[in-house]
Amino acid sequence: MAEIDIRDNRAQGRFEAYEGDELVGVVAYFVLAAAPAALVAVHTVVERGHEGKGIGGALVKEFYETAAREGVPVVPLCPYAARWAQRHPDEAAVAPAAAEETVRAAEAQLKADSARW
């Protein structure tokens with residue numbers, strides 16, 4: 001895999017992967033407005049022609065690492081992010097199953113701003 005630069009574009013709600021100057025992948029997300037705080041992964045996309053290079057995994061890993069540094073869990077509404085967490089439980093700060101209200105709050109916030117996604 002070529003050198004991938006991953007950036008947190010918090011203003012746009014995107015983790016962005018660049019190969020040189022080319023945007024090659026994105027994790028779309030938002031910060032949960034309700035308490036407790038969480039980062040909510042909505043969608044992971046790797047651009048055509050860049051699949052199979054580990055870009056999606058690198059993006060999601062950095063997303064979970066950022067959440068861990070910030071001391072907040074991840075609500076993985078994105079199926080790819082959820083599967084990654086299942087495969088890497090030691091690296092994934094997922095909202096505990098007992099925190100169903102956090103997941104419901106994330107789903108409600110996503111639905112309320114569905115035009116964005």
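At what angle do the axes of H1 and H2 cross? The legends below start there, and they describe a predicted model.

**View 1. Helices H1 and H2 cross.** The axes of H1 and H2 cross at roughly 75° and come within 10 Å. Angles of 65 to 115 degrees count as roughly perpendicular. H1 and H2 are therefore roughly perpendicular to each other. H1 brings Gly56, Gly57, Val60, Lys61 and Tyr64 to the contact. H2 meets them with Tyr80, Ala81, Ala82, Trp84 and Ala85. By type, the residues of this contact are 7 nonpolar, 2 polar and 1 charged.

View 2. H2 runs over residues 79-87. Its buried residues are Ala81, Trp84 and Ala85. Seen down the axis of H2, these buried residues fall within an arc of 100°, so they line one face of the helix. The face turned away from the buried side carries Pro79 and Gln86, which are exposed. What lies over the buried residues of H2? The cover includes strand E4 (39-46), helix H1 (55-70) and strand E5 (74-76).

**View 3. The largest nonpolar core.** This core has 21 residues. Which of them touch the most other members? They are Val27, Phe63 and Tyr64. Strand E2 (14-19), strand E3 (22-31), E4, H1 and H2 each supply at least two residues of the core. H1 gives the most, with 6 residues. In soluble globular proteins, nonpolar side chains tend to be buried together.

**View 4. Contacts around Val27.** Val27 is a member of the largest nonpolar core. Residues up to four places away in sequence are not counted here. A second, separate core holds 8 residues, including Ala38, Val40, Val75 and Ala105.

**View 5. Ala106 in helix H3.** Ala106 lies in H3. Is Ala106 buried or exposed? Ala106 is buried, with a relative accessible area of 0%. Leaving aside neighbours within four places in sequence, Ala106 is in contact with Phe30, Leu32, Val40, Val75 and Leu77. Ala33 and Ala106 are 73 residues apart along the chain. Their C-alpha atoms are separated by 8.3 Å.

**View 6. Arg7 and Asp8 in strand E1.** Strand E1 spans residues 5-9 and holds Asp8. Arg7 also has its place in E1. Arg7 is partly exposed, with a relative accessible area of 36%. Asp8 is partly exposed as well, at 34%. Neighbours within four places in sequence are left aside for the contacts of Arg7. Arg7 is then in contact with Arg14, Phe15, Glu16 and Tyr18. Not counting residues up to four places away in sequence, Asp8 touches Arg14, Phe15, Tyr29 and Thr66.

View 7. How far apart in space are Arg7 and Pro79? Their C-alpha atoms are 21 Å apart, and the two residues are 72 residues apart in sequence. Pro79 is one of the exposed residues of H2. Asp8 and Cys78 are 70 residues apart in sequence. From C-alpha to C-alpha, Asp8 and Cys78 are 17 Å apart in space.

**View 8. Arg116 after helix H3.** Where is Arg116? Arg116 lies in the segment after H3, the helix of residues 100-112. Arg116 is partly exposed, with a relative accessible area of 41%. Leaving aside neighbours within four places in sequence, Arg116 is in contact with Gln12, Gly13 and Tyr29.

Conventions
Residues are numbered from 1 along each chain as its sequence is written. This is a predicted model: local features need pLDDT of at least 70, side-chain atom pairs count only at pLDDT 80 or more; totals for chains, interfaces and linings use all residues. Side-chain values use heavy atoms; hydrogens and water are left out. Buried means under 20% relative accessible area, exposed over 50%, partly exposed in between (1.4 Å probe, protein chains only). Helices (H or I, at least four residues) and strands (E, at least two) are DSSP runs, numbered from the N terminus. The arc is that of the directions from the helix axis to the C-beta atoms. Contact means heavy atoms within 4.5 Å. A nonpolar core is a set of buried Ala, Val, Leu, Ile, Met, Phe, Trp, Tyr and Cys residues joined through side-chain atoms within 4.5 Å. Axes are lines fitted to C-alpha atoms, for helices over the stretch in contact, and angles run from 0 to 180 degrees between N-to-C directions. Angles under 35 degrees count as roughly parallel, over 145 as roughly antiparallel, 65 to 115 as roughly perpendicular and the rest as oblique. Ala, Val, Leu, Ile, Met, Phe, Trp, Tyr, Cys and Pro count as nonpolar, Asp, Glu, Lys and Arg as charged, and the others, Gly among them, as polar.
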